[in-house]
Amino acid sequence: MIIIKLLILSIKSISIRKFNLKLEKMTDIDILFIHPPRNFEHLVDNMKKRSSFLLMPMGLFSMADLLDRNGYNSKIVNYSLEKTLHPKFSILKFIKKDHPKVIGVDLHWVQHSAGALDLLKIIKRNFPSVFTLLGGFTASYYAKEIMQKYKFIDGIIQGEAELPIIELLNNIKHLEKVPNLIYRKNQKIYDNGINYILDDLDQLNFTNVDYLVHWKEYIKYINKVMHTPWPLEIARGCQFNCVNCGGSFHSCKIITRRNRVIFRSPERVVDDIRRLVEKTGYNGVFYGHGVYRATEKYFMKIHEKLRDEKIRIHSDLEIWRLPISDTFFRDYFKTYDVEESMIWFSVRSFSENYRKKFHTRFGELDKSFDFTNDDLNKLINKMDKYNIPLRLFWDVGNPFENKIDFLKNYLYALKLVFKNISKYKKLSMWSEPIIISPGCAIELKNETFGIQMTTKTFEDYVRLNRESEMKIAPLDVGVNFRTSTLSKATIDIFNKLMFFINLISVITV
Ligand code: SF4
């Protein structure tokens, strides 16, 4: 309630101040959000490939929309997309034209660390009076290190940013009033701490595409290049603790101070989907929260509304924990254009023995390995029954996984692919080399998991991102760790071997 009251008070005060600002200069924008490339070193080689990392955090759209409703204007520019569309694109010319007061670069995923830094460096050099801002999980986790090492960054919004971004524009001369901000003043760093956490997702809209320059092309390229429908935020936080995920329950508690998961109402989710379809003509979403027993009913309410309103779309959805009921899949099948949809499940390892070993050791923290091959086969059969494409994620380099575990993992995957090639054409597999992300359980407690990481600081991640070319990803991507049982080189070789199974499974569907 206090946050809502603060928000209402700030809305009232903004409108007066905003009116004065508009009188000063009608063409300026208040804030320009730029989605950075992964890095500048290999940008040209990565164009039109998955490694261009075109995908943007879902919250950029809701923040631009919220700012608008609070009297501030903003734009979003996706740097890699602009370069893809116009190789001569100059961000400096773009900024000169729009003259923003604040430039915010998202640094959510650590893969963007080099690109985000280089972008803000060049911006600060050319526009010293613009307030340079970072935000997102990675920026929040490494906020102090980033502020100390990179003087061209004026501030970082740590944790969740909805109210802080409005307060930043309200109080650009009184930064001490901005929640969650760490900032630089007279060459000193001040930290306001993290005291804001969003408590109501229903006030946000995630499909107002107009704020993004070239949104039509964005939709086209995330489909074509990233193979992703429109990502839609439906909840915030996660109740699970996958040990190498920086968005887990424990990680969120550390990075954003969030200690509970909040959901949007099914009505508001459907509002967003309706708006997306009507505005863009595009009819696919990737739900930003997975299905597990506790969310089945929630999704089924969304489905019911979609059917009532005769909104026919396709959807990508992750299973976050098995088992999922037959009732749910029947409902999914009735609602979506399943030919175009996909269900994803992270098996991690097909070796039942390894999963038992992991679960015995770490099951208290992370129950994601708590299923049998029988459970997995039941899932495959259900997908077969409803004709829904299923993609299984697997990986290598998990804690205490040895060469025998890998061999069993590999042979089972091979068996599954060949068994299903003839019978069930919609089963495919994918794997990516694991990059242990900031703030996850393994990164926080390396020794417990028998892992030695090659990236310890933010600077290490920046170096890693500059060095990795990703010309033929994932074949030329190395992991950032070794385990007590597998060297880094061995894990890298195993990842390459897995790629061939992935390839066979994908080209045969
Ligand atoms: S990977 Fe695991 S911890 Fe991370 S968001 Fe998904 S289910 Fe939650």
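Before you click anything, one convention: two strands pair if DSSP finds at least two bridges between them. Helices (H or I, at least four residues) and strands (E, at least two) are DSSP runs, numbered from the N terminus. Residue numbers start from 1 along each chain as its sequence is written. What you have open is a predicted model: local features need pLDDT of at least 70, side-chain atom pairs count only at pLDDT 80 or more, and totals for chains, interfaces and linings use all residues.

**Stop 1: the sheet**

Select 155-157 and 181-185, which are strands E5 and E6. They pair in the antiparallel sense over three bridges.

**Stop 2: two crossing helices**

Next, pick 59-69 (H3) and 162-170 (H9); their axes come within 10 Å and cross at roughly 45°. Axes are lines fitted to C-alpha atoms, for helices over the stretch in contact, with angles running from 0 to 180 degrees between N-to-C directions. H3 and H9 are therefore oblique to each other (under 35 degrees counts as roughly parallel, over 145 as roughly antiparallel, 65 to 115 as roughly perpendicular, and the rest as oblique).

Show side chains for Met63, Leu66 and Leu67 on H3, plus Glu162, Ile165 and Ile166 on H9, since these make the contact (C-beta atoms, placed from the backbone, within 7 Å). By class, that's five nonpolar, no polar and one charged. Nonpolar covers Ala, Val, Leu, Ile, Met, Phe, Trp, Tyr, Cys and Pro; charged covers Asp, Glu, Lys and Arg; the others, Gly among them, are polar.

**Stop 3: where the domains meet**

Zoom out and colour domain 1 (2-191) and domain 2 (229-507) separately; the bounds come from an automatic or database domain assignment. Their C-alpha centres lie 29 Å apart.

How many residues does the contact take from each domain? Domain 1 puts in 25 and domain 2 puts in 23. On the domain 1 side, select H2 (43-46), H6 (113-126), H7 (137-141) and H8 (143-149), each supplying at least two residues. Which helix gives the most to that side? H7, with four residues. Colour the domain 1 side by class and you get eight nonpolar, ten polar and seven charged residues.

Key: Two residues are in contact if their C-beta atoms, placed from the backbone, lie within 7 Å.
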